[in-house]
Amino acid sequence: MSHIHLLGFPRIGAKRELKFLVEKFWKHEIDDAALQAGARELRQKHWLLQKGAGLDISPVGDFSLYDQVLDAQVLVGAIPRRFGFDAANLSSAQYFQLARGNQSQPALEMTKWFDSNYHYLVPEWHADTAFAANPAPLLAQIAEARALGINTKPVLIGPLTLLWLGKAKQAGLERLSLLPALLDAYRELLATLHAAGVEWVQIDEPILALDLPADWLQAFAPTYATLAASPLHLLLATYFGDVSAHAALLKALPVAGLHLDLVRAPQQLSAFTQGWPQDKVLSAGLIDGRNIWRADLDAVLQQAEALRAQLGDKLWLAPSCSLLHSPFDLAQEIKLDVDLKSWLAFAVQKVNELKLLKRGLQQGRDSIGNELAASNFAREQRRSNPRIHRADVAQRLAALPAGSDQRASSYAVRAEVQASWLKLPLLPTTTIGSFPQTGEIRAARAAFKRGEIDAANYEAAMKAEIELVIRKQEALDIDVLVHGEAERNDMVEYFGEQLDGFAFTEYGWVQSYGSRCVKPPLIYGDVARPQPMTVSWAMYAQSLTPRPVKGMLTGPVTILQWSFVRNDLPRSAVCRQIALAINDEVLDLENAGIKVIQIDEPAVREGLPLKRGDWDAYLAWAGEAFRLSCAGVDDSTQIHTHMCYSEFGDILPAIAALDADVITIETSRSDMELLRDFGSFHYPNEIGPGVYDIHSPRIPAEHELENLLAKALDVIPARRLWVNPDCGLKTRGWPEVEAALQSMVNVTKRLRQQL
Ligand code: GLN
Ligand code: ZN
């Protein structure tokens with residue numbers, strides 16, 4: 001019989017229960033027993049929900065108190081020695097210490113999970129890293145699920161993916177050299193699962209969607225030959241991309257089944273169906289696990305029917321990837337526009353879509369006639385709804401003359417025009433935008449949102465804050481000021497709320513890392529800017545001071561990257577629409593006399609596709625969108641951009657091609673290493689390398705700043721160098737901000753004397 005199943009379910013809970021649970025434990029408000037009980041309750045709820053929807057088999061081990069990659073490390077006993085913990089007897093406090101660090105040991109490093117906005121904890125590999133299967137926690141969860149009558153499918157991160165995701169902590173250490181020892185632990189694990197009566201095990205190897213070096217690819221066949229010694233049925237799961245380049249390899253692996261992401265990479269299907277081994281399960285990921293759109297049930301059922309005709313009961317159906325990346329339950333959204341709501345599906349709805357597909361396959365289309373009709377209706381509505389498709393937006397894009405993304409003159413010409421009115425000293429000082437978001441600011445914003453204070457009161461509170469920020473910057477003697485961003489909750493949401501084509505949910509949270517969740521905006525329709533978004537705040541700030549105040553905007557690529565994006569247009573097209581909306585704002589700012597404008601693009605690097613072959617196309621449209629967002633400004637207007645937490649080395653030509661007059665970047669933690677790349681690349685425009693880390697409250701010593709600036713001057717000529725912190729200051733407190741900025745200005749002034 002065909003199965004419907006999930007690769008994973010969102011563990012945070014419908015109302016972010018997991019977040020509040022673990023945070024209570026961290027604050028010592030509940031003890032370990034209460035933590036475990038709360039976690040068990042959530043798991044049970046989620047399994048019963050799946051069972052209720054008719055899933056044939058449910059994932060176990062997809063739940064985690066913090067991160068599934070951390071759990072995988074514990075499962076194979078690979079905890080870095082520096083912690084001195086015993087994986088087999090790990091307390092909850094120790095577990096969280098691995099994730100969050102403490103005074104004596106920094107946490108495991110965290111990084112992005114493929115191209116999603118989920119972050120995992122990076123394993124640390126040493127030549128003497130030892131492995132030992134530690135199956136007890138997983139076995140306990142299997143028992144929990146069985147007690148509810150659940151047919152279980154434990155989920156493991158595959159050994160090659162786990163090794164790949166870790167970092168070699170010793171020079172010269174080849175991660176693959178750890179494979180034999182790691183495989184021993186996996187074999188033991190599988191043996192224990194088999195002894196416990198498990199039938200199917202899902203093994204995730206998402207690295208297959210990356211450009212893998214040959215030795216890693218070659219490791220798959222022997223690895224799975226080793227694991228296939230177990231009588232268990234292994235379902236090898238791939239997702240987030242096209243793995244058809246490895247179709248021959250994957251079809252020949254001695255596993256019982258293979259999962260393919262047919263939403264991100266539908267084109268890969270034929271490479272697998274041709275010559276598909278009849279004894280293997282093909283799990284078709286036909287429901288989008290990464291986005292919030294309702295499936296086109298009719299189209300998906302057609303695909304499933306065709307596959308079923310070929311594969312019979314060997315066809316399984318699933319979402320494309322784990323539903324970890326999807327918000328929990330649309331039914332909670334009672335404020336959402338009804339039309340929009342009818343176009344969406346969150347995790348619970350996606351599970352239901354699977355159920356309908358199965359019924360349609362087994363009992364025929366008529367058995368889901370009403371649901372098909374509703375799905376078709378939603379699809380047609382989306383196709384024709386005038387809020388989604390706006391003639392004005394389409395016409396404007398179509399009418400853009402070629403080259404409209406280019407500034408009128410080259411940087412060299414612009415720099416002179418800008419210098420003549422800006423009259424900045426050498427090594428101008430500035431900040432990245434936000435100043436401390438104090439409790440009062442947040443309270444005022446929240447009260448305004450709830451309607452407890454009126455617009456006039458709110459405006460007065462924000463203006464007072466802007467004035468305070470301007471006066472403090474003047475007192476510090478900073479050269480190019482900012483208004484401080486007090487009125488902004490979040491750098492994407494603030495703009496999304498004011499743009500057409502965006503919507504916001506109440507509970508559409510997805511886990512970002514640990515207890516942190518994000519609630520991305522939904523871009524559902526053509527984007528346009530009905531009215532100015534920042535101009536009055538900027539004008540007010542500028543009216544307070546003769547020094548230049550930067551207009552502060554978020555760029556189109558970052559707005560796109562941090563939202564759920566409509567799936568009926570290419571991302572590049574949506575990005576261009578956002579670019580034009582931002583461009584409207586840029587031109588209005590310029591008209592209002594704001595002639596230094598910063599367009600933040602911290603997400604450019606993270607938007608890079610998983611495969612290098614796709615990079616150029618992405619960088620071309622992302623770059624064009626950024627340039628379009630500042631199109632048409634006068635040579636005398638100085639465009640800044642800002643990017644944080646990025647490795648730029650391999651994309652410097654694309655960064656230079658943005659042609660911002662000034663770019664500020666995060667560099668202090670790398671000891672200006674990042675800047676060296678800009679130097680050797682001969683980055684042509686002005687650049688402000690961050691001189692101190694804003695992620696910690698630590699106040700940098702003046703000699704440290706001197707040291708970093710000396711390094712910067714080694715690689716960038718003084719006339720193109722700016723001085724600024726790494727990023728915005730909104731998470732910091734005023735005393736440390738003032739002290740750090742004072743040191744920054746002092747050091748800069750001393751340095752100017754020597755130049
Ligand atoms: N202008 C924003 C700020 O200062 C930039 C934030 C970011 O780069 N992430 O807060
Ligand atoms: Zn930043």
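Analyst: Two residues are in contact if their C-beta atoms, placed from the backbone, lie within 7 Å. This is a predicted model, in which local features need pLDDT of at least 70, side-chain atom pairs count only at pLDDT 80 or more, and totals for chains, interfaces and linings use all residues. Residues are numbered from 1 along each chain as its sequence is written, and chains are lettered from A and ligands numbered from 1 in the order in which they are written.

First, the whole. The protein chain has 28 helices and 21 strands (DSSP runs numbered from the N terminus: helices are H or I with at least four residues, strands are E with at least two). Its C-alpha trace spans about 75 × 60 × 50 Å along the principal axes. The radius of gyration of the protein chain, taken over C-alpha atoms, is 27 Å, which agrees with the value near 27 Å for a compact globule of 755 residues; the globule rule is 2.2 Å times the number of residues to the power 0.38. Of contacts between residues at least 6 apart in sequence, 78% join residues at least 24 apart.

Buried residues make up 48% of the 755. A residue is buried if 20 or more other C-beta atoms lie within 10 Å of its own, exposed if 12 or fewer, and partly exposed in between, with C-beta atoms placed from the backbone.

Now the part itself. In strand β18 (residues 596-600), 5 of 5 residues are buried. In a regular strand the side chains alternate between the two faces of the sheet. Both faces of β18 are covered: Val596, Gln598 and Asp600 are buried on one side, Ile597 and Ile599 on the other.

Two strands pair if DSSP finds at least two bridges between them. Strand β16 (residues 551-554) pairs with β18 in the parallel sense over 4 bridges, with Met552 opposite Gln598. Strand β19 (residues 638-643) also runs parallel to β18, joined by 5 bridges, and here the bridge partner of Gln598 is His640. From β18 the chain crosses through helix α24 (residues 615-629) to β19, a right-handed β-α-β crossover: with the strands pointing away from the viewer, the path from the first strand over the helix to the second runs clockwise.

His640, in strand β19, counts as buried because it has 26 C-beta neighbours inside 10 Å. Leaving aside neighbours within four places in sequence, His640 is in contact with Val596, Ile597 and Gln598, and with Lys550, Ala660, Asp661, Val662 and Thr664. By C-alpha atoms, His640 is separated by 26 Å from Asp115, 525 residues apart along the chain.
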